[in-house]
Amino acid sequence: PRPVIFPHRVDLDGAAFKAWCDERKDCAKFEMYQNPGPIQLSGPSAGRIATSIRDKFSYLRELERMRTFLSAIKRRCRPGCDPRTVRIASQSLSTLQTVLDELMGPGEQIQTRETK
């Protein structure tokens, strides 16, 4: 099979295009050409994330933020802590699970097993 590049419309109000507009004048005056290539494993462009990807997939930042919150809950609810802390955390997470199940719709809920 031949590789295909799918056309995409440019978001003229997006952060990537606005950043390009800021750089455009300098590109006309100075030599600013950089070709990082399709995959950069080393060098100055290896760690850069395209603005369009960074903005579009901000859920990765939110996912990391959520993991930070869950780690904090795990630290606070260790054996020997105040039972009220565990009860409140458990009830809050149960409520969150219910809300997420409602957002997913019927048939898509994650089944949880309660232990007593």
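Analyst: In this predicted model, Arg65 has a relative accessibility of 47% and therefore counts as partly exposed.

User: With which residue does Arg65 form a salt bridge?

Analyst: Side chains of opposite charge can pair when their charged atoms come close. For Arg65, the closest N and O atoms of the pair are 3.2 Å apart, which is within the 4 Å limit for a salt bridge.

User: Is Glu62 buried or exposed, or partly exposed?

Analyst: The class follows from the relative accessibility, because buried means under 20% and exposed means over 50%, with partly exposed in between. Glu62 has a value of 45%, so the class of Glu62 is partly exposed.

User: How many salt bridges does the structure hold, and what is the N to O distance between Asp82 and Arg84?

Analyst: The structure holds two salt bridges. Asp82, at 31% relative accessibility, counts as partly exposed, whereas Arg84, at 52%, counts as exposed. The side chains of Asp82 and Arg84 meet in a salt bridge, with an N to O distance of 2.7 Å.

User: What span should helix 1 have, and how far apart are its end C-alpha atoms?

Analyst: Helix 1 runs over residues 15–29, and its 15 residues, at 1.5 Å a residue, should span 21 Å. There is also a kink of about 40 degrees in helix 1, centred on Glu23.

Definitions and conventions. Residues are numbered from 1 along each chain as its sequence is written. This is a predicted model: local features need pLDDT of at least 70, side-chain atom pairs count only at pLDDT 80 or more; totals for chains, interfaces and linings use all residues. Side-chain values use heavy atoms; hydrogens and water are left out. Helices (H or I, at least four residues) and strands (E, at least two) are DSSP runs, numbered from the N terminus. The expected span of a helix is 1.5 Å times one less than its number of residues. The bend at a residue is the angle between axes fitted to the seven residues ending there and the seven starting there. Buried means under 20% relative accessible area, exposed over 50%, partly exposed in between (1.4 Å probe, protein chains only).
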